[in-house]
Amino acid sequence: MSLVNQVPNIHNKQSLSGMMRQVLLATIPGVLVLWYFFGWGVFIQLAIASAAAVASEAIVLKMRGKDWRRAINDSSALVTAFLFAISIPALVPWWLTVIGICFAIIFVKQLYGGLGFNPFNPAMAAYVLLLVSFPVLMSSWVPSFEMWSQRLSLGDSLHIIFLGSTSSGISYTELINGFDGYSTATPLDHMRNQLRLELMPAEIADTAEFKLMTPAWMWANVAFLVGGLYLAWRKALDWHLPLALLVGLAGTAFVFNLFAPEQYPSMIFHLLSGGTMFAAFFIITDPVTASTTPKGRWIFGIGVGILMWVIRTFGSYPDAIAFAILLMNMAVPTIDFYTRPKAYGER
Amino acid sequence: MNQMNVINTTHSIHGGLHLDEKKAPACNVAIQEGEIPDVVVLPLNMHAGRDAVAIVEVGENLYRGQIIAEAEGQISANIHSPVNGKVVAIEPRPMSSRSGLPEMAIVIQTTDTEIVRETPCDWIEALTESPEVIAQSIEAAGIVGLGGAGFPTASKIAASANARKLLINGAECEPYICCDDRTMRDYAEQVIGGAFLLAKAAACDFIEVATEDNKPEAIDAIKDVLNTLPEHMQRRIQLYVCPTKYPMGGERQLLEAITGQQVPSNTYPVELGYLVHNIGTALAVYNCMTRSEPLLSRMVTLTGEAIRRPGVYHLLLGTTVKDAIAMAGVDETILAQVIHGGPMMGYPLQNLDAPVTKITNCLIAATADEIPPLPEEQPCIRCGQCVDVCPATLLPQQLYWFARSEEFEKAASFKIHDCIECGLCSYVCPSHIPLVDYYRYAKSEIKQLDQARIKSERSKVKFDARNDRLEQERLEKERIKAEKAKQRAANKAANKDKNDAVAAALARVKAKKAQTQQSNDADNTSEDSKP
């Protein structure tokens, strides 16, 4: 008789890889929206990032004397790859993606001990590395297709990402420097730049340029919200974290907008711009780097939300998510220590 | 129907989970009498506390109900022969414990072909006995907590002198197990009778019976009995119905659900004025007081997919697991393992020759598919699902971290001792980490460290005492020495004084002499000068 000695003897049959696959599945609506607005580059970046992530994870696991097949089995490297690829502009050169992913997997994840041991969110740390090293490339979202007379084909997208120019010879630099006179800024960038020109948020929102660039981000946010709600429904994420982030961000934006609407854009603008929903449901819900106590999760999420607002408002980067999350990652051990719940019967 | 006696609890417990109950089909059949096995194996330790001491010898003939081992020390229980028969061995036998290691047991060859139980007297009549008599009978009968912990009932009563309420725990929350459910359905009156007897023994004024809302038949059966009670007794008893949620049957959880209060850490329910006993224990007390029958048998849930006739069986203590599952028709060809206890807190048996003991509430003869091995352990990703289900409001993932890195002091400061080992954290862990094993390890290490610390503290006290003693002795010696020196000095001084006196006298004489001489000289001089 072969004995299975385990406590307890039964299990709810959930698994880590199952959770990871749920996350991958839930990115689909968002990815489709990004593809619709930003073209084939989105899929190409996903493919490059996934290949680089699985390969680098397998190599490091092998070097560490662990089972390298885990790199594929637990799907955690793939999740990092997806989150990273979704965060970066769709047409950046392939080597940028590879550098980012290798940094995320090798340095941020594996050098700290691999899955479960990394204090920082790998995708966000890599994003920040690239943003600081290649600011122009990383803040250039090639205009969404509505601004184009024709869509960039799959072949041209591949051409640009791997060779630096389309088959008809338009270089990447030309692309990111604007097409048909439009800039490649995101609504967040645009709002900030115009605010510095002493314009009021309402005025800025009324411009044709702003109206043209907004739908892509709004729909992407809606799509990631849908995916996120699916995850919450499947209990693959802790709904406290996204809610806390949204409360922190929306609350801060609401208060400032209430008292100085001529200076601070509305709560809705913050909720539906940049990667707000993606951050709330897919990034800060990385359990490894988030706070783990019930109270701590509220503090962590609200903290990220407030920092996002602060950095978006006073900083000069395209979006504030990565910085806000890394800053709060640093605070996690302290938060966890001071928010231990009272045990049953503890006086 | 008297609705006053039934209360739905409104307080919630932290965490917990509604598990797949799997109580059917075993709970759908009335309790069946087990067969009389050829041999019964009675371990000397089938209760919490010290081993009982065998008082029979190999070859001795025994009658049913004869005491064969006596309680030893404060926490222990008598053991009686459940059959007429002959002692064939007193030797180590494989146990139905987690380790399965052999322990001393009395092995009896049975000569019975049928068991005749005494007809019980009216329990209301038995209730006229004094509390002392009932308590002594319970002690003599070797009754222990039949919910699974096996704590001697008499010791529990003695330790809960301040309890004013008796809680009969019928919240049988673990999947598969349904012996208490079935006992309430089939022997509701006996259970209530036993409860009143227990309450009298423990001087409790009030009785509360609690069960979960997934046992409607048991609730009805208890209600029916309550309605037949005389009014003065009805006023002293209440039935509580709790939501079905594992681990509601843990006494701390059940009390929280009923009273809304938590039993303080490191204390017992008596802190809230409660004495808690199991349904099966109440039935055993009933049998003890109305039939003068010691604890010879118990209800055991025989279930699992490898069992053809699952149900609750009334089994003689000492029946081997092999015989027990054979009675319920085990299919050996698909049997993969037998779990002792429930699927959450129970464990697989190493050897099926191990006996059914006073703490065996369930045997699950499982097929390989029914209880599959866990997949490989993965790293903890701190998802916090364990936090959500922990009924003790702990942080299981942090405790795991501390246990793994052997930071036992931190584990203790995160209240690892309040872990009731219900197993829910491991049940929900997506990384399949055997968390409870880690906690058990940490707890035992902390215990050892504590013992080592106590030992070293004792040694330190001894060492300090020795040092103190030596120091005292040294001081004493010095004091004596100093005194002696003083004495000597005093003597010397006295001598010196004496000498001084002599010297002074001499000096005085000398001075006088000198003076006389001088004056003579002066006289002489004056005389000399005068002329």
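Student: How close do the axes of helix 5 of chain B and helix 6 of chain B come, and at what angle do they cross?

Tutor: The axes of helix 5 (residues 188–201) of chain B and helix 6 (residues 216–228) of chain B come within 9 Å and cross at roughly 60 degrees. Axes here are lines fitted to C-alpha atoms, for helices over the stretch in contact, with angles running from 0 to 180 degrees between N-to-C directions. Helices (H or I, at least four residues) and strands (E, at least two) are DSSP runs, numbered from the N terminus. One more thing before we go on: this is a predicted model, where local features need pLDDT of at least 70 and side-chain atom pairs count only at pLDDT 80 or more, while totals for chains, interfaces and linings use all residues. Residues are numbered from 1 along each chain as its sequence is written, and chains are lettered from A and ligands numbered from 1 in the order in which they are written.

Student: Why are helix 5 of chain B and helix 6 of chain B called oblique to each other?

Tutor: Angles under 35 degrees count as roughly parallel, over 145 as roughly antiparallel, 65 to 115 as roughly perpendicular and the rest as oblique. These two helices cross at roughly 60 degrees, so helix 5 of chain B and helix 6 of chain B are oblique to each other.

Student: Which residues meet between helix 5 of chain B and helix 6 of chain B?

Tutor: A188(B), E189(B) and I192(B) in helix 5 of chain B meet A221(B), I222(B), D224(B) and V225(B) in helix 6 of chain B. By class, this contact has 5 nonpolar, no polar and 2 charged residues. Being in contact takes C-beta atoms, placed from the backbone, within 7 Å. For the classes, Ala, Val, Leu, Ile, Met, Phe, Trp, Tyr, Cys and Pro count as nonpolar, Asp, Glu, Lys and Arg as charged, and the others, Gly among them, as polar.

Student: What makes helix 4 of chain B and helix 9 of chain B oblique?

Tutor: Try the angle again. Helix 4 (residues 179–186) of chain B and helix 9 (residues 279–291) of chain B have axes that come within 9 Å and cross at roughly 45 degrees, and therefore helix 4 of chain B and helix 9 of chain B are oblique to each other. On the helix 4 side, the contact is made by C179(B), D180(B), T183(B) and M184(B), and on the helix 9 side by I279(B), G280(B) and L283(B). That gives 4 nonpolar, 2 polar and 1 charged residues.

Student: Why is Q385(B) called buried?

Tutor: Count C-beta atoms, placed from the backbone, within 10 Å of the residue's own: 20 or more others is buried, 12 or fewer is exposed, and in between is partly exposed. Q385(B) has 23 C-beta neighbours inside 10 Å, so Q385(B) counts as buried. Q385(B) sits in helix 11 (residues 385–389) of chain B and touches V428(B), C429(B) and P430(B), not counting residues up to four places away in sequence.

Student: What makes N266(B) exposed, and why is S292(B) called partly exposed?

Tutor: Same ruler. N266(B) has 11 C-beta neighbours inside 10 Å, so N266(B) counts as exposed. S292(B) has 15 other C-beta atoms within 10 Å, so S292(B) is partly exposed. N266(B) lies in the loop between helix 8 and strand 13 (274–278) of chain B, while S292(B) is in the loop between helix 9 and strand 14 (297–303) of chain B. Neither is a glycine, yet phi is positive: about 60 degrees for N266(B) and about 55 degrees for S292(B).

Student: Where are the cis peptide bonds of P25(B) and P247(B)?

Tutor: One joins A24(B) and P25(B), with omega about 5 degrees; P25(B) is in the loop between strand 1 (6–8) and strand 2 (32–33) of chain B. Another runs from Y246(B) to P247(B), with omega near 0 degrees.

Note on methods. Two residues are in contact if their C-beta atoms, placed from the backbone, lie within 7 Å.
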